[in-house]
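Visitor: Hi, I have a structure here and would like to look around in it. Can you walk me through some parts?
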Amino acid sequence: MGISIENVSYAYGKIAALEDVSLAIDPGRFTALLGPNGAGKSTLVALLTGLFVPDAGRIAILNHDLASQPREVLARMGIVFQGQTLDLDLSVDQNMRYFAALHGMSNRAVGERVDTCLARMGLSERRGERVRTLNSGHRRRLEIARALLHRPRVLLLDEPTVGLDVPSRSAIVEHVHEICRDEAITVLWATHLVDEVWPQDQVAVLHRGRIEGFGSVAEILSRTGTTDVLEAFKQLTDTNGALADTQP
Amino acid sequence: MNDSGAPTLPGYFTCLRGVLWRESLRFFQQRERFAAALVRPLIWLLIFGAGFRSVLGVSIIPPYDTYMTYETYIVPGLAAMVQLFNGMQSSLSMVYDREMGSMRLLLTSPFPRWYLLLGKLCAGTFVSLLQVYAFLVIADLVLVDLPLMGYLVAAPVLVATGLMLGALGMLLSSTIRQLENFAGIMNFVIFPMFFLSSALYPLWKMKESSDLIHTICVLNPFTYVVESIRFALYMQPNILANTVVLVALLLFFALAVLGYDPKRGMLHRRVAG
């Protein structure tokens with residue numbers, strides 16, 4: 001199993017953010033966690049990364065229980081948070097090397113790997129530049145390159161295209177699909193934008209802290225009797241208010 | 001990482017080195033921070049010290065074996081102040097890191113959380129040592145005479161006091177929800193800790209003025225930071241002060257680790273969106 005979430009609940013005080021969420025995500029697949037703003041996506045990512053601890057339920061990543069084996073889990077996980085986590089005053093290379101150190105990667109192993117990851121995201125030319133001078137699209141690409149540095153088997157991305165223009169968004173969506181396909185990495189991509197879901201993806205629809213639908217795109221469309229993901233999403237969430245958030 | 005994904009011993013060193021390296025880079029990029037850390041105690045020493053020299057008589061008290069000037073008396077307290085401000089500055093930067101997201105990066109490293117926080121603490125202490133020694137050298141050149149060997153003897157003590165005040169800052173950072181609340185730290189932590197201690201006046205002088213203030217000074221752990229540094233600079237032991245510093249260090253650090261524990265600390269229940 002790539003990511004196993006069993007009956008997970010979490011509340012901020014008395015306000016429930018996630019209620020009895022269960023998902024079994026196949027390894028090596030791209031899964032879109034689709035939900036409007038406030039659905040609980042970031043809370044779920046915080047739980048999957050160990051920043052929060054569930055009030056109830058169990059999480060396992062690549063068959064390692066997160067509660068009892070957090071280090072084994074985090075060593076195999078790459079994370080791109082919704083908010084930026086780069087050090088703006090350090091260079092691209094320095095940000096990569098700091099991250100490598102946080103994962104215990106020796107200097108010898110790092111240089112070549114940094115080259116590879118930056119090249120893959122088209123950032124080789126920017127290696128010596130301060131992050132502050134990069135535009136938001138490049139910063140996002142850098143965060144993805146950094147998340148792949150330690151060769152994770154699972155990649156979590158929380159709204160990684162927020163605030164980007166359409167070409168940058170498309171490029172990043174395409175890059176991550178490619179990485180998922182080429183390296184057989186399990187990808188969980190949290191988004192509120194339905195056009196980021198590709199036909200071969202799995203989709204989990206999260207709404208008001210509950211999973212309203214889960215399966216391949218074809219299964220979701222068949223179950224809802226719809227012809228596109230946006231229609232399926234409308235039906236599963238049964239809300240017009242969310243619609244404005246689901247389109248770019 | 002080994003095959004099971006768990007961190008290895010060389011990995012621990014690499015991680016610590018990385019945290020120290022990043023903090024050093026930031027420190028050298030923020031030259032104004034270094035200047036401010038030096039200007040603050042030097043103003044106290046040169047202006048406040050000169051003004052009070054004639055007003056306050058300081059009798060012979062350990063570790064001094066002769067009469068000393070008021071400036072000589074306050075140098076250890078000002079060195080402690082440098083570390084106090086640095087500890088709070090580190091705390092501020094941790095709150096900033098949390099708001100900017102880089103704390104998430106640190107806390108999702110596969111190394112144990114206490115180890116990552118210890119790395120941050122060591123990095124902050126290293127910076128505070130640079131600041132303190134720069135201040136002591138300038139004070140020594142300009143106004144007071146410090147024994148040369150005192151610099152060496154004081155080093156381990158300054159490490160311990162720097163760690164203790166850094167751990168206090170870390171503990172506070174785990175309880176502060178927003179950067180804006182940090183101003184309260186100045187009013188309710190730094191100033192009371194500094195003024196209600198033996199940094200500016202000997203405890204016996206406090207007792208002459210008020211028993212209550214004297215009692216507060218005795219209970220204030222910062223007093224023991226000041227006295228640890230004072231005795232070490234003059235190469236004399238002060239077991240009580242050193243013990244209080246070490247116990248406070250362990251206590252503050254343990255509470256800070258709890259504060260950053262997602263099961264118990266303030267990070268829990270912060271709205272993620």
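Guide: Happy to! Let's start with strand E1 (residues 3-12) of chain A, which runs antiparallel to strand E2 (residues 15-25) of chain A and is joined to E2(A) by 7 bridges. Strands pair if DSSP finds at least two bridges between them. The strands themselves are DSSP runs (E, at least two residues), as helices are (H or I, at least four), numbered from the N terminus. This is a predicted model, where local features need pLDDT of at least 70, side-chain atom pairs count only at pLDDT 80 or more, and totals for chains, interfaces and linings use all residues. Residues are numbered from 1 along each chain as its sequence is written, while chains are lettered from A and ligands numbered from 1 in the order in which they are written.

Visitor: Which residue in E2(A) is the bridge partner of A:Ile3?
Guide: That is A:Ile25.

Visitor: And how many residues are between E1(A) and E2(A) in the hairpin?
Guide: There are 2 residues between them, and A:Gly13 in the turn has a positive phi of about 65°.

Visitor: What about E1(A) and strand E4 (residues 56-61) of chain A, over how many bridges do they pair?
Guide: Over 5 bridges, in the antiparallel sense. For an example, find A:Glu6, which stands opposite A:Arg58 in E4(A).

Visitor: New topic. Which domains is chain A divided into?
Guide: Domain 1 covers 3-76 + 154-246 and domain 2 covers 86-151, with bounds that come from an automatic or database domain assignment. Their C-alpha centres lie 25 Å apart. Domain 1 of chain A brings 10 residues to the contact and domain 2 of chain A brings 9; residues are in contact if their C-beta atoms, placed from the backbone, lie within 7 Å.

Visitor: What gives the most to the domain 1 side?
Guide: Helix H6 (residues 166-183) of chain A does, with 5 residues on the side of domain 1 that touches domain 2. By class, that side has 7 nonpolar, 3 polar and no charged residues. Here Ala, Val, Leu, Ile, Met, Phe, Trp, Tyr, Cys and Pro count as nonpolar, Asp, Glu, Lys and Arg as charged, and the others, Gly among them, as polar.

Visitor: Now chain B. How many of its residues are in contact with chain A?
Guide: 33 residues of chain B, meeting 33 residues of chain A. H1(B) gives the most to chain B's side, with 10 residues. That side has 14 nonpolar, 13 polar and 6 charged residues.

Visitor: At what angle do helix H6 (residues 148-175) and helix H11 (residues 239-259) of chain B pack?
Guide: About 30°, with their axes 8 Å apart. Axes are lines fitted to C-alpha atoms, for helices over the stretch in contact, and angles run from 0 to 180 degrees between N-to-C directions. H6(B) and H11(B) are therefore roughly parallel; angles under 35 degrees count as roughly parallel, over 145 as roughly antiparallel, 65 to 115 as roughly perpendicular and the rest as oblique.

Visitor: Which residues make the contact?
Guide: Among them are B:Leu163 and B:Met164 of H6(B), and B:Phe252 and B:Phe253 of H11(B). The residues of this contact divide into 15 nonpolar, 4 polar and no charged.

Visitor: And how do helix H3 (residues 70-100) and helix H5 (residues 113-142) of chain B cross?
Guide: At roughly 150°, where their axes come within 9 Å. That makes H3(B) roughly antiparallel to H5(B). The contact includes B:Val82 of H3(B) and B:Phe135 of H5(B), and its residues divide into 9 nonpolar, 7 polar and no charged.

Terms used
Contact = placed C-beta atoms within 7 Å.
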